[in-house]
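Subject: Handing over the structure

Dear colleague,

I am passing this structure on to you, and below it I have set out what was found. Please read the notes with the structure open beside them.

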Amino acid sequence: MPAAAADVVIVGGGVMGTSIALQLARRRAGRIVLCEKHHVASGPTGRSSALLRRHYSIELYARMAARSFELYSNFEELTGRPAEITRCGLVMAVGPEDVAAMRDTVTMMRGLGVKVEELAPRDLARVVPGLAVDDFGAAAWETDTGYGDPASVSQAYAARARELGVEIRQDTTVSHLALTGGRISGVRTSGGDIATATVVNAAGPWGAALSRAVGHDLPVVASRQQLVILRPGAPAAAARPVLVDMVERAYYRPETGGLVLVGTRNRAGVSAPVDPDAFSERADPDRVAWTAEAASRRFPGFADAEAVGGYASVYDLTPDLHFVIEHSPVVPGLFHALGFSGHGFKHSPVIGEMVTQLVMDGRVSVVDASPFSSTRFGAPAGAPPVLKGRYGSWPF
């Protein structure tokens, strides 16, 4: 017999699982249990660069990011704790071939209430000092945003959820999901079985294996991603906005202590899937050297920057890099919040709302979530993508 019972069990204590737990508690969803195999934010969330950009050429994502930013801006009202956002601004710079797409995107963003300015290349040097701009065609500057602290955000969600009655079980591994008559009836954990008719799978890179074991095979893989930390020679060199470089597919985020965090994105399918429990968490020496060299081309003043280290984490990637947010069409009672492909943190507030609406109301009302159904992966070869961005070099 199960040792306990719950109305909802959430698997995963990262920024998504804790946001969902809080929103379900706010909607009085009954007894909610969140199971986390280590501790809150101990997985990829804790290593997120946590950019709060709203710049998406796909309107659905822009709406989600704008709604999330609204919630982050009122985070203390939501959780009783500050969000600890560093509002240094964020610049998205594109090549000449993407200027028209960027202008259309800026118009759309302004229609959503986003504070954004268009910059010509000559203006970039003023906003982002020391930047080499010859290969940029234009840029969009979000003046009021920046980046957050993913661990503190997750802990704030969790703390408020606990105050509202959610039980958060840390050091508790969910080994498999139980079915009765083809639908969810419980979970087996390292701390005992829990009977439930509703499971939210927010387990990130571990999530696909759980769902696959009960018959819903999602094409979500764990992909190793690396970030490098540089210390520029000039102390003021790090005092600049976040730069998202669409030409070189890299980003530069200021860090405390005069450091700069540099991320270079892997394309889907380039790096082989990894075991999320057995991968190197150190940045590869060749990646560190290559990143430092690339940074010195983009910022010539970084030629003497010291590479002080780096780290690796894992993204849960889908083939098209878009999310999976759904009530499983295969297993009744199983809900998915997976496949965030490296840009989930900024959306965590609205995803908490979306999944809660799915669980409580049977539909999402805050945005149209239908493009995030996993049924898209069964579309015939050559079918048009469900979501298509304006930029030729970027899927969003």
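This is a predicted model: local features need pLDDT of at least 70, side-chain atom pairs count only at pLDDT 80 or more; totals for chains, interfaces and linings use all residues.

Residues are numbered from 1 along each chain as its sequence is written, and side-chain values use heavy atoms, with hydrogens and water left out.

Helices (H or I, at least four residues) and strands (E, at least two) are DSSP runs, numbered from the N terminus. Strand 2 and strand 3 run parallel and are joined by four bridges, where two strands are said to pair if DSSP finds at least two bridges between them. Between strand 2 and strand 3 the chain passes through helix 1, and the resulting β-α-β crossover is right-handed, a term used when, with the strands pointing away from the viewer, the path from the first strand over the helix to the second runs clockwise. Strand 2 is also joined to strand 11 (residues 199–201), again in parallel, by three bridges, and there Val9 has Val199 as its bridge partner.

Within strand 2 (residues 8–11), Val8 and Ile10 point one way while Val9 and Val11 point the other, and all of them are buried. Here buried means under 20% relative accessible area, exposed means over 50%, and partly exposed lies in between (1.4 Å probe, protein chains only).

Helix 1 (residues 15–26) has 12 residues, and the distance from its first C-alpha to its last is 17 Å, close to the 16 Å expected at 1.5 Å a residue; the expected span is 1.5 Å times one less than the number of residues. This helix is mostly covered, with 11 of its 12 residues buried, among them Val15, Ile20 and Leu24. After helix 1 comes Arg28, which has a positive phi, near 55°.

An open sheet of four strands is also present, with mixed pairing and the order 1-10-9-8. Its edge strands are strand 1 (4–5) and strand 8 (174–180), each of which pairs on one side only. Strand 8 runs antiparallel to strand 9 (residues 183–189), with six bridges between them, and Leu179 stands opposite Ile184 of strand 9.

Salt bridges

Side chains of opposite charge can pair when their charged atoms come close. Counting a salt bridge as a side-chain nitrogen of Lys or Arg within 4 Å of a carboxyl oxygen of Asp or Glu, a search of the whole structure finds 22 of them.

One of these joins Arg54 to Asp144, with 2.4 Å from N to O. Because Arg54 lies in the loop between strand 3 (32–35) and helix 2 (59–73), and Asp144 in the loop between strand 6 (138–142) and helix 6 (150–163), the pair ties together parts that are 90 residues apart in sequence. Arg54 is buried at 4% relative accessible area, and Asp144 also counts as buried, at 17%.

Another salt bridge, between Arg160 and Glu163, has an N to O distance of 2.9 Å. These two residues are three apart in helix 6, so about one helical turn separates them. Arg160 is partly exposed at 27% relative accessible area, and Glu163 is partly exposed at 48%.

Arg224 and Asp284 also form a salt bridge, their closest N and O atoms being 2.9 Å apart. Since Arg224 lies in strand 12 (residues 221–231) and Asp284 in the loop between strand 15 (259–264) and helix 8 (285–298), this pair ties together parts that are 60 residues apart in sequence. Arg224 is buried at 14% relative accessible area, whereas Asp284 is partly exposed at 25%.

Cysteines

Taking a disulfide as a pair of cysteine sulfur atoms within 2.5 Å, the structure holds zero disulfides. Cys35 is buried at 2% relative accessibility, while Cys88 is partly exposed at 25%.

With best wishes
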